[in-house]
Amino acid sequence: MATLKINGNTVNVDAEDDTPLLWVIREQVGLTGTKYGCGIAQCGTCTIHIDGSPVRACVYPLGALNGDEEITTIEGLSEGASHPVQQAWAELDIPQCGYCQPGMIMAVAGMLNDNPNPSDEDIDAEITNICRCGTLARVRKGIKLAVEKA
Amino acid sequence: MADTSLLSRRGFIVGTGATGLTIGILASCAPATTDADAPDYSDLPPNEEVNAWAHIDHDDTVTVRIARSEMGQGTLTGLAQLVADELDCDWDKVTTEYPTPGENLRRERIWRDYSTGGSQGIRGSQDYVREGAAAAKAMLIEAAANEWGVQASECTSENSVITHGPSGQTTTYGKVAGAASQLAPPLEVTVKDPSEWKIIGQPKQRLDTADKLTGAQVYGADIQLDGMLNATIQQAPKIGATLKSFDASAVENMPGVKKVVAIRNPFGTENNAVAIIADQWWQAKKAMDALPIEWEGGVAFSTSEFEAELDDGLTSDEAFVGNGGGDLQGAFANADRIIEATYNMPFQNHACMEPMNATALYTEERCEVWCPTQNGESALAAVSEASDLPIEQCEVYKIHLGGGFGRRAMPDYVSLAVLVAKEMPGTPVKLLWTREESMIHGFFHPTTKSRVRGSLDAEGNLTGLHLRISGQSILATLIPQALQDGVDYATFQGLLPSGVDPRLEDQTLKYSFDNFLIDHAMRNPPVRPGFWRGVNLNQNAIYLESFMDELAHAAGRDPLEFRLAHLGDSPKAAAVLQAAADRSGWGNDDGKARGLCVMYGFGAYVAACAEVTVDDSGALSIDKIVAATDPGHAVNPQQIEAQVEGSFVYGLSAMLFGEITFEDGIAQEQNFDTFNSMRIADMPEVETIVMPSGGFWGGVGEPTIAVAAPAVLNAIYAATGKRVRQLPLKDQDLRNA
């Protein structure tokens, strides 16, 4: 039994220490916005924030948390999709199938927490999520629009 | 039916069918705003549908029924635009739902084809969808006219409001929808002329975006039903292998594990898979990792050894003819020069972001499945077959797909979910594959090679062309009854003769050649092939358009001029090529390395002009691609732009990184660490020219994939003098020759 702080709520979960946070969030907490894509931290579709920084939850074991961390998932990023990244994504109609987009949005929002005005080189280095539908061109535009909106 | 209270709470509405009012699962894209002062209609009985295509509520909400699947390509929004335009309804009040495949059967296939592939979503259904909407509009107007006691011909409709011209009376669709639903449909309807379109052709925002920004969009992998168990599966990793033994006792006491079962997938004659059912998926997965399994038999197929068969096909005397004409032998005999090149295309995996999954509830009387599928009807048939229940006792609830690309046109994962759920009658079971399982058990885009020979005369004119394709036929394995005298004409996508087979007219060659032959030496490996976004147009474009570039350079001619010289019979193909070249600045003396490609596929004319930079270390930067597409009619230009950009990611990922190799019958690339996909750093700027010329309906989702890779490869030649003929590019040295 472990206690976590997720999206501002305290929740008790019952999982073994080596359970990846992704599956704790999806199956114990019941928040399914965070997706399973590869399980080896390659694709980024499981990206969440721990204390504001982007983390690939599919390889982050529950046991590595001490319980004090603030965990944020896509469901808790904002009220009413009001985060600048979500607003930019809506305006540019970025998602296609949308499966990777919670992870993409969380990766971008996490980057902007640390670096509110990233250069193209910063974007290239920090946003390495895979999108097979191919929204990447609009994602770059979306990041720039989100910077304007922030 | 399962207790779907959890689903309902998530914004799904699952109809019972008892009232005939709502059917299927409502795609969660309801109008974004609700007015607190809106009239309350809760005392009124719900309206019945006007007809199969549209249900209109008292508050004017129009629910458009969508038979085709939404997997990111935007068809859901495009089809809704078709209906809304013909219906003259208020676009802001449009929502959508998927009628279930079972309901389609019960209503004698009123929604017709559910298959979503071949870039057919819009172009394959636009006529009957628009006619259906026009019929609904006629019924609404007739209902209003009846109420007023006037002639329907005196009434007009706009924005969900009906107006009687002479008296100026008005009413809304919501007020007359109930009466309209009781009327007989009109015997004849006329759809609008394109000049009258108000919603078709507009860059409307997608209807399904909002939930995709908040995590609220439910995919198959997210389905949660009361009492549901979770399962994972391991199928024999080696092609054709079977299950020898497994030791369930090693994992039965692990946390959450309910059952370890042997499964025979529909492709085998003996057990060839093991599934573990547990409370939670991670528990099942962990148990699977710990389960001792022994496999036996199978085919020791190796891609490196298969090379010899492909090479044999390149020069074999026997090959199926796809297209040709003139006197090729004469052209070669009289040639000033003969140019020859050999190219390849490796196996590719679809690699949808959402791993394969389906959720099934089986009892002895009924079997229901919730799944992301590109073809609800074939999924329903698979449920019936796997459950051994009559199809009338089965149902499929379609869920938005986390990517399809052709993979989810195959219902194997649906069958497997049913077979696993049969082990737990009365309990819903979600079967979710791992990424590795999804990669190993793909339906692979086939590997082929091509040898192309061309003869030039002394003036640099192309006098003869022989394009030989060697490799796998998709149809020979998947749909052998579709072969014609053994020939798989789909192999020749983009290269076929015009005016021969109307079903293949949308895949014809637009170049005119005097003397030429395009043929196929079929060499089928034991790998199960699949339809992979763009299918055979992809490699055929690489083969033909790389070689056209080689010929132009060999002849000392401008690659644009050289191509246009053979496009005299296809002004639309010439137009897209010219547009892409012009916008890109083709011919400018600005030091930029550019490459071209033009093709016709899935009924659309497409072209690209790529600009690349290759530095001294050989590192490639794809700086920009200008694309041009003429799909006839452009239902939603901004979504077409999105499809072009997205298709380039798919096509260029394959060109840069994509390769599935087999060793000892096992696919070696099992996750994104070895089957890489483009990241944002690799992504070029894309500028798309949407240039609909009208008069025909071409595809959008697939055709432009094919032009990306050849344009980039030709630009690499312009930059470096190096001709890349062996893919993927990651293994090639691009340092200056």
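Me: What should I know before we start?

Reply: This is a predicted model, where local features need pLDDT of at least 70, side-chain atom pairs count only at pLDDT 80 or more, and totals for chains, interfaces and linings use all residues. Residues are numbered from 1 along each chain as its sequence is written, while chains are lettered from A and ligands numbered from 1 in the order in which they are written.

Me: How many residues of chain A and chain B make the contact, and what makes a contact?

Reply: Chain B gives 47 residues and chain A gives 45 residues. Two residues are in contact if their C-beta atoms, placed from the backbone, lie within 7 Å. On the side of chain B that touches chain A, the elements giving two or more residues are α6 (281-290), α16 (637-656) and β26 (685-690) of chain B. With 8 residues, α16(B) gives the most to that side. These labels come from DSSP runs numbered from the N terminus: helices are H or I with at least four residues, and strands are E with at least two.

Me: Which classes of residue are on the side of chain B that touches chain A?

Reply: That side has 23 nonpolar, 15 polar and 9 charged residues. Ala, Val, Leu, Ile, Met, Phe, Trp, Tyr, Cys and Pro count as nonpolar, Asp, Glu, Lys and Arg as charged, and the others, Gly among them, as polar.

Me: Why are α16(B) and α17(B) called oblique to each other?

Reply: Helix α16(B) packs with helix α17 (residues 705-720) of chain B at an angle of about 50 degrees, and their axes are 8 Å apart. Axes are lines fitted to C-alpha atoms, for helices over the stretch in contact, and angles run from 0 to 180 degrees between N-to-C directions. Angles under 35 degrees count as roughly parallel, over 145 as roughly antiparallel, 65 to 115 as roughly perpendicular and the rest as oblique. The angle of about 50 degrees therefore makes α16(B) and α17(B) oblique to each other.

Me: Which residues of α16(B) and α17(B) meet there?

Reply: From α16(B) come Ser647(B), Phe648(B), Tyr650(B), Gly651(B), Leu652(B) and Met655(B), and they meet Ile705(B), Ala706(B), Ala708(B), Ala709(B) and Val712(B) in α17(B). By class, this contact has 9 nonpolar, 2 polar and no charged residues.

Me: What makes α2(A) oblique to α3(A)?

Reply: The axes of helix α2 (residues 84-91) and helix α3 (residues 101-114), both of chain A, cross at roughly 130 degrees and come within 9 Å. That angle makes α2(A) oblique to α3(A). Val85(A), Gln86(A) and Trp89(A) of α2(A) make the contact with Ile105(A), Val108(A), Ala109(A) and Leu112(A) of α3(A). The classes here are 6 nonpolar, 1 polar and no charged residues.

Me: How do you know that the span of α15(B) agrees with what it should be?

Reply: The expected span of a helix is 1.5 Å times one less than its number of residues. For the 14 residues of helix α15 (residues 571-584) of chain B that should be 20 Å, and the end C-alpha atoms are 20 Å apart, so the two agree. Just after α15(B), Gly585(B) has a positive phi of about 90 degrees.

Me: Why does Ala351(B) count as buried?

Reply: A residue is buried if 20 or more other C-beta atoms lie within 10 Å of its own, exposed if 12 or fewer, and partly exposed in between, with C-beta atoms placed from the backbone. Ala351(B) has 30 C-beta neighbours inside 10 Å, so it counts as buried. This residue lies in the loop between β13 (337-345) and β14 (357-362) of chain B. Its phi is positive, about 50 degrees, although Ala351(B) is not a glycine.

Me: Is Asp60(B) buried or partly exposed, and how do you know?

Reply: Asp60(B) has 19 other C-beta atoms within 10 Å, so it is partly exposed. Asp60(B) sits in the loop between β1 (54-56) and β2 (62-65) of chain B.

Me: What makes Phe675(B) count as buried?

Reply: Phe675(B) has 23 C-beta neighbours inside 10 Å and therefore counts as buried. Leaving aside neighbours within four places in sequence, the contacts of Phe675(B) include Ala351(B) and Gly658(B).
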